[in-house]
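Please examine the structure shown below together with its sequence. The paragraphs that follow lead through it step by step.

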Amino acid sequence: MATIDTFYPTEFERSFTQALQQMDSRLLNSVTRADFTGKKKWFNLINDSEAQDVLVRKGDTPDGEFDGSKYWLTQRPKEKVTVFDEFDKHFLGSIVLPTSDEVQSHAMAFNRAIDDVIITAFDATRYIGEDGTTPNQFDTNYSLASTYVENGTSAASGLTIGKLRRAKYLMDLAEVPNADRMLVCGAQQVQDLLRTTEVTSEDYNSVKALVSGQVDTFLGFKFLASQRLARDTSTDIRSVFAFHKSAIKFAMSDRKVQMDILPTRRHALQIRSTMMLGAVRTENEKVVRIYCDESP
């Protein structure tokens, strides 16, 4: 004989929710937009020069040659595709097919892709020269080791006040403008700052306000949060970047979403999002890479 619990109905959630994820782009508004149509575009950079003394009255005007260089920005296509079977809607019953939610998921994925392209450009090899075929590596003089200390014995560490001060010094030395300086780091690095700053330190209250969200700027850097920065899994070293807004030129074009029925796939419903993305470092001196140890 069947008991009453046999007849208990099974209730399903009638909608879909998004899993925890980064939904927005954290870096798009912190770089310089340079949208264009095409695969590649070059940008001209005028090198610094000095004024000369005039030593002769009514003398000949000296010849002056233009001194500049080119760097290249390349766009590449990205896509995200979701396919629903012809009978998914039937089998879901009263649950609505999550087409609109999936389109939103595509948008979130591309927002993360924007950040990934920008992060890669911070220290990637860029291409310069007349034809854009000459590789230009990231300048390691603007890279701080995980073991960097201002004085004393070197030791692996996370993000420290000393590393921030050194990054600021390198930018000051290169005449990087004070306005629009940024620092992108992960949650661990902000905690490192708070942990390594003594309660008696004059920096403590500033760091505490930064962690609590009361302020977003410290030592002239506007802090940006990202959990997508590269980490070497063999060493637990994460790359954090201090940079100026003009350090990265970013291009984005042809963003579109298409929804189609595919006759050759038994009339499956396909949602396909595409976009062209590209980013390039404009000058090596405008980016400082900070290696941070995340070992326990």
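Lysine 80 has serine 273, a residue of strand 14, standing opposite it. Strands here are DSSP runs of E with at least two residues, helices are DSSP runs of H or I with at least four residues, and both are numbered from the N terminus. The model is a predicted one, in which local features need pLDDT of at least 70 and side-chain atom pairs count only at pLDDT 80 or more, while totals for chains, interfaces and linings use all residues. Residues are numbered from 1 along each chain as its sequence is written, and side-chain values use heavy atoms, with hydrogens and water left out.

Strand 4 and strand 14 run antiparallel and are joined by nine bridges; two strands pair if DSSP finds at least two bridges between them. Both belong to an open sheet of four strands with mixed pairing, in the order 1-13-14-4. Its edge strands are strand 1 (32-33) and strand 4 (76-84), each of which pairs on one side only.

Strand 14 spans residues 268-281 and includes threonine 274. Is this threonine 274 buried or exposed? Threonine 274 counts as buried because its relative accessibility is 11%, and buried means under 20% relative accessible area, exposed over 50%, and partly exposed in between, with a 1.4 Å probe and protein chains only. When residues up to four places away in sequence are not counted, threonine 274 touches Lys78, Glu79, Phe110, Asp254, Arg255 and Lys256; a contact requires heavy atoms within 4.5 Å.

With a relative accessible area of 42%, tryptophan 42 is partly exposed. Apart from neighbours within four places in sequence, tryptophan 42 is in contact with Lys70, Tyr71 and Trp72. The C-alpha atoms of tryptophan 42 and glutamate 130 are 8.9 Å apart, although 88 residues separate the two along the chain.

The protein chain as a whole contains five helices and 15 strands. It has 296 residues, of which 39% count as buried. Of the contacts between residues at least 6 apart in sequence, 77% join residues at least 24 apart. The protein chain exposes about 18,300 Å², and carbon and sulfur atoms supply 50% of this area; accessible areas come from the Shrake-Rupley method with a 1.4 Å probe, and for residues only the protein chains shown count as cover.
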